[in-house]
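Keep the structure open beside the text as you read.

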Amino acid sequence: MSDTTTTTTTATGASAAGPTTQARGIRSPRTAARPGMLRVGASRIGYETKGYFRSPDAVFFTFLFPLIMLGIFTAAFSSAGDIQPGPGAEGVSVGAYYLPGMLAAGMLLSGVQNLAVDIAGEKGDGTLKRLGGTPLSPVSYFIGKIGQVFVTGVLQAALLLLVAATVLGIALPTTAEAWMTFAWVFVLGITTSALLGIALSAVPRSSKSATAVVIPIVLVLQFISGVYLQFSQLPEWMQNLASIFPLKWMAQGMRAVFLPDDFKVLEQHGEWDLGWVAVALLAWLVIGLVVSRLTFRWIRRDA
């Protein structure tokens with residue numbers, strides 16, 4: 001009898017406590033979880049960024065690589081004269097022509113290559129398995145990684161533009177409209193690249209095979225998307241193939257910012273097509289988000 005009374009009293013007390021707790025403005029664990037995930041994710045951005053700059057190979061092959069390639073192309077081909085879109089049209093230097101492509105490549109390297117190899121490595125050495133045993137949620141983990149890519153991507157783009165303007169003598173845009181276009185292409189491009197990097201990290205079977213899987217994909221995309229070769233000189237079938245992937249659209253958006261308007265005749269359809277740039281990048285952003293969330297695991301598939 002005593003046990004029954006105690007149980008009833010406890011149940012009644014719990015029932016009564018619910019409205020009182022809500023009346024006092026105390027959030028339930030489910031309500032508090034989302035701000036908590038965002039807060040933890042934001043705190044991991046600094047941790048991930050410090051880890052990135054402590055890795056010499058990551059800094060060289062993703063952060064400094066576009067800058068080095070821009071310097072090489074400028075030094076190697078400047079003697080050939082300016083690049084022109086047609087007879088009598090305004091030309092630009094070799095460095096100015098390749099700057100948009102290197103900015104786009106920087107976004108791809110910082111997001112896709114960096115995260116795909118990094119996360120695959122964390123799976124292989126057991127880091128993700130240990131994190132999976134903590135209260136850290138995948139959302140917080142994603143925020144930390146994407147935030148790191150955004151911070152390093154901004155620093156990389158700023159360094160590229162600084163060197164281009166001060167060392168290579170490349171003229172930068174002077175209109176607010178051009179810089180607004182740069183801003184939205186950059187934000188969409190870097191976010192899309194980060195999400196695709198997370199998604200691609202599920203492909204390598206081990207940390208040892210990550211670079212062998214990821215780097216060839218990234219390298220081929222750079223060659224067919226107008227980064228190292230003039231896009232207008234590529235075969236039509238190669239241009240069509242490149243149009244399936246986001247790097248071509250990132251490079252095209254950047255060319256619209258940094259090249260004179262006469263150069264749009266060299267694009268696939270003779271226009272900058274900024275509307276299609278936005279549509280393509282948004283589509284790949286959604287694909288990257290869905291695939292990364294469906295395929296992400298704290299442990300390897302074969303573990």
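## Spaces inside the fold

The second largest cavity is lined by Leu103, Gly106, Met107, Gly153, Gln156, Ala157, Leu160, Phe186 and Ile190. Before we look at that list more carefully, please keep in mind that this is a predicted model.

Helix 6 gives the most, with four residues. Sorted by class, the lining of the second largest cavity has six nonpolar, three polar and no charged residues. The space in the second largest cavity is about 30 Å³.

In total, the structure holds two cavities of 30 Å³ or more. The largest cavity has a volume of about 50 Å³. Its lining consists of Tyr97, Phe231, Ser232, Arg255, Leu259, Phe263, Leu266 and Glu267. Here the classes are five nonpolar, one polar and two charged residues.

How do we find such spaces at all? Rolling a probe the size of a water molecule over the atoms shows where empty space is left.

The largest pocket has a volume of about 470 Å³. It is lined by 21 residues, and the closest to its centre are Ser55, Asp57, Ala58, Asn114 and Asp118. Helix 2 (29-53), helix 3 (56-77), helix 4, helix 5 (127-132), helix 6 and helix 8 (210-224) are the elements that give two or more residues to this lining. By class, the lining of the largest pocket has seven nonpolar, eight polar and six charged residues.

The second largest pocket holds about 250 Å³ of space. Of the 13 residues that line it, the closest to its centre are Pro173, Thr175, Ala178, Ala256 and Val257. Helix 7 and helix 10 each supply at least two residues of the lining of the second largest pocket.

| Space | Volume | Lining by class |
|---|---|---|
| Largest cavity | about 50 Å³ | five nonpolar, one polar, two charged |
| Second largest cavity | about 30 Å³ | six nonpolar, three polar, no charged |
| Largest pocket | about 470 Å³ | seven nonpolar, eight polar, six charged |
| Second largest pocket | about 250 Å³ | nine nonpolar, three polar, one charged |

## The chain as a whole

How many helices and strands does the protein chain have? There are 11 helices and zero strands. Of the 303 residues of the chain, 46% count as buried. Among the contacts with a separation of 6 or more, 79% come from residues 24 or more positions apart.

An α-helix has 3.6 residues a turn, so residues three or four places apart point the same way.

Start with Ser110, which lies in helix 4. Is Ser110 buried or exposed? Ser110 counts as buried because its relative accessibility is 0%, and the cut-off for buried is under 20%. The side chains of Ser110 and Gln156 are joined by a polar contact of 3.5 Å. Leaving out residues up to four places away in sequence, Ser110 touches Thr62, Leu115, Val149, Gly153, Gln156 and Ile190.

Next comes Thr49, whose place is in helix 2. With 11% relative accessibility, Thr49 counts as buried. Apart from residues up to four places away in sequence, Thr49 touches Gln148, Val151 and Thr152.

Finish with Thr166, found in helix 6. Thr166 has 56% relative accessibility and therefore counts as exposed, since exposed means over 50%. What does the side chain of Thr166 reach? The side chain of Thr166 reaches the backbone oxygen of Leu162, at 2.6 Å.

Notes:
Residues are numbered from 1 along each chain as its sequence is written. This is a predicted model: local features need pLDDT of at least 70, side-chain atom pairs count only at pLDDT 80 or more; totals for chains, interfaces and linings use all residues. Side-chain values use heavy atoms; hydrogens and water are left out. On a 1 Å grid over the protein atoms alone, a cavity is a set of points where a 1.4 Å probe fits but cannot get out, and a pocket is an open set with protein on both sides within 12 Å along at least five of seven lines; lining residues have an atom within 4 Å of a point. Grid points are joined across faces, edges and corners, and a volume is the space filled by probe spheres set on the points. Ala, Val, Leu, Ile, Met, Phe, Trp, Tyr, Cys and Pro count as nonpolar, Asp, Glu, Lys and Arg as charged, and the others, Gly among them, as polar. Buried means under 20% relative accessible area, exposed over 50%, partly exposed in between (1.4 Å probe, protein chains only). A polar contact is a pair of N or O atoms within 3.5 Å; within protein, one must be able to donate a hydrogen and the other to accept it, and residues adjacent in sequence count only if both atoms are side-chain atoms. Contact means heavy atoms within 4.5 Å.
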